[in-house]
Amino acid sequence: MSGAPASVEEVLERFRYRPDEEAPGLAELPSSSVAPDRPAGTDELQLLNFGLGPGEYAVALGTVTEILRARTLTEIPRARPPLLGVLNLRGTITPVYDPALRLGLPSTVPPCAGPGCERPPRPARILVVRTALGPAGLWVDRVRGVQRVAPGTLERPRGGPTGGVIGVLQAAEASVTVVDPEWLLR
Amino acid sequence: MSAQPQAVDVCAFWVGEAVYGIDVARVDEILPRVVPLPLAEAPPHVEGVVHVHGTAVPIVDLRRLLPAGSPPRTAKPKVILARIGRRRVGLRVDGMAGVRRYTVAEIRPGGGTPGVLAVTADECRLLDLRELLAKRAARAQPRL
């Protein structure tokens, strides 16, 4: 296994990546972070809080794969709101949408694609969510952080059309509306 | 990764005065700025761990494993998030040198330095990451 390789074939054999190769010399580390997704014995929800205009909203943390600093997007000709544009996420073309329109709010997104677009505001972020059709982005005005809540504190709607709202969390400073990202993209 | 088996795509980077390369299929991400959390009793080339998307990834300073030297002034230090088998490791390098494709004719086996498999026609040293890290791990075994 070690020593100088003799032929180009052996070089390529040892150079190429194989998912089943052994990984010697790497200290064994747990595969998850120090704080596991679900601490043992509790059933708490993790919510990612974000802001749209004056309102505070949240999605389940597990649905978000990545948070990007907002950047100028690639324009799609004749794209209609809520589609803002696309971005190249490490080789995957990812559409970015404006969630405010779906929630019936006025859009707060400045022109962010095509000629004459502005530099996005500093606190703006793009939440990359996993959907059945691949990743999609949601442009939000700011991201406040992750909040752990007990499921009982979430006030859930009682029947009827919910408009993508999973529940409302009453907090001291402001109430947080927990929404379904899949619904925002539908 | 590549359609033709006789060519190899290489992610090239600077460490010291030389350009080294690893298989692009290993590379997940290039991180610009990383502050690792130090690990107790880690070998000297392991800077610590960082959290990348919820996973703890060890950061290995390749500058301590490969010959020293001063990189070009334009090089910007980065951390390459690479895969070894099912594990991931962050490799601290002096700068990126792009993705290059080499044909078999351009690869000369042997490099003299441990962990270097071959040298290409334009002096890019192809690394055997597993050998490079495994040898160091054996040497870093604590003595009782």
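Colleague: Leaving aside neighbours within four places in sequence, which residues is Leu127(B) in contact with?

Modeller: Those residues are Tyr20(B), Gly21(B), Ile22(B), Gly115(B), Val116(B), Leu117(B) and Leu132(B). Contact here requires C-beta atoms, placed from the backbone, within 7 Å. The model is predicted, so local features need pLDDT of at least 70 and side-chain atom pairs count only at pLDDT 80 or more, while totals for chains, interfaces and linings use all residues. Residues are numbered from 1 along each chain as its sequence is written, and chains are lettered from A and ligands numbered from 1 in the order in which they are written.

Colleague: Which members of the largest nonpolar core touch the most other members?

Modeller: Leu127(B) is one of them, along with Val11(A), Phe13(B), Ala82(B), Leu91(B) and Leu126(B), in a core of 42 residues. A nonpolar core is a set of buried Ala, Val, Leu, Ile, Met, Phe, Trp, Tyr and Cys residues joined through C-beta atoms within 7 Å. A residue is buried if 20 or more other C-beta atoms lie within 10 Å of its own, exposed if 12 or fewer, and partly exposed in between.

Colleague: Which strand gives the largest share of this core?

Modeller: Strand E1 (residues 7–15) of chain B does, with seven residues. Strands (E, at least two residues) and helices (H or I, at least four) are DSSP runs, numbered from the N terminus. Another core, of 32 residues, lies apart and includes Leu87(A) and Leu184(A).

Colleague: Changing topic, what is the strand order in the open sheet of chain A?

Modeller: Its six strands follow the order E8-E1-E2-E11-E10-E9, with mixed pairing. Two strands pair if DSSP finds at least two bridges between them. Strands E8 (142–149) and E9 (154–155) of chain A are at the edges, each with a single partner strand, so one side of each has no neighbour in the sheet.

Colleague: How do E9(A) and E10(A) run, and how many bridges join them?

Modeller: They run antiparallel, joined by two bridges, and E10 of chain A spans residues 165–170. Glu155(A) has Val168(A) as its bridge partner in E10(A).

Colleague: Where is the cis peptide bond?

Modeller: It runs from Pro81(A) to Pro82(A), with omega near 10°. Pro82(A) belongs to the loop between strands E3 (64–69) and E4 (83–89) of chain A. Most peptide bonds are trans, and most residues other than glycine have a negative phi.

Colleague: What is phi at Arg90(A), and is Arg90(A) buried or exposed?

Modeller: Phi of Arg90(A) is positive, about 50°. Arg90(A) counts as exposed because it has 9 C-beta neighbours inside 10 Å.

Terms used
Two residues are in contact if their C-beta atoms, placed from the backbone, lie within 7 Å.
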